[in-house]
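These are my notebook entries on a single chain.

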Amino acid sequence: MAVNRTPVLKRCRSLDLDPTYLGIDKKSKRTLKRSNRKMSEYGSQLREKQKAKFIYGILEKQFRLYYETATRMKGQTGENLMVLLETRLDNILFRCGWARTRKEARQMVDHKFVTVNGSRVNIPSYEVKVGDVVEIREGRKTSDRMKQILDATNGRVVPEWLDSNSETLKATVVALPKREQIDVPVNEMQIVELYSK
């Protein structure tokens, strides 16, 4: 399986992205030397796509499939794309505060920590629907790792479209997220313009 191994803070610097969107508290002390040249329209569109891919930890082929699915859905393609990315199972764990980063959430799903509606799911890109109940498996709830994660993510705000209980480690998807509820600094319209060329 292909894995993006670029150092996280270096990538954040190159994309002008705050590492807190990835669940990382560290800040880079280095500054990126930028030339005074104005970025082209294509360059800014490409950067927005790279930002979205980097935040959600997705590679090009899968991202393209999300875009194609979003074009077939009702409503605006850009908003549909963001909703599809936000309703991934690994992102749900991150949003509930059950993982420090989306990478950690992905690993937890891979290692079968999670059930959806009572069934074990080990696919990080599993699309969660309204009414689905996501839960950490009984044997994993009391593990030292989960205690450390919950201590580290204690202050994280759970979005309104998720009804999460940090005691039982159970969450219900109440509704699909609206664009204004997704706090990701990505201009999805530029991604649509890039792909529609």
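Entry 1. I located I55 in helix α2; helices (H or I, at least four residues) and strands (E, at least two) are DSSP runs, numbered from the N terminus. The model is predicted, so I kept to its limits: local features need pLDDT of at least 70, side-chain atom pairs count only at pLDDT 80 or more, and totals for chains, interfaces and linings use all residues. Residues are numbered from 1 along each chain as its sequence is written, and side-chain values use heavy atoms, with hydrogens and water left out.

Entry 2. Is I55 buried or exposed? I found I55 buried, at a relative accessible area of 2%; buried means under 20%, exposed over 50%, and partly exposed in between (1.4 Å probe, protein chains only). Leaving aside neighbours within four places in sequence, I listed L17, Y21, L22, R102, V184, P185 and V186 as the contacts of I55, where contact means heavy atoms within 4.5 Å.

Entry 3. I then examined the largest nonpolar core, which has 24 residues; Y56, F63 and L85 have the most contacts inside it. Such a core is a set of buried Ala, Val, Leu, Ile, Met, Phe, Trp, Tyr and Cys residues joined through side-chain atoms within 4.5 Å. At least two residues of this core come from each of α2 (41-56), α3 (60-72), α4 (77-86) and α9 (188-195). Beyond four places in sequence, Y56 touches residues including M82, L85, R102, I182 and V184. Another core, of 23 residues, lies apart from it and includes V128, I136, I149 and A171.

Entry 4. I turned to the strands. Strand β3 (residues 133-136) runs antiparallel to β5, joined by 3 bridges; strands pair if DSSP finds at least two bridges between them. V133 has T172 as its bridge partner in β5. Strand β4 (residues 162-165) is also antiparallel to β5, over 4 bridges, and N165 is partnered with K170. The β4 and β5 hairpin has 4 residues between its strands, and L169 in the turn has a positive phi of about 55°.
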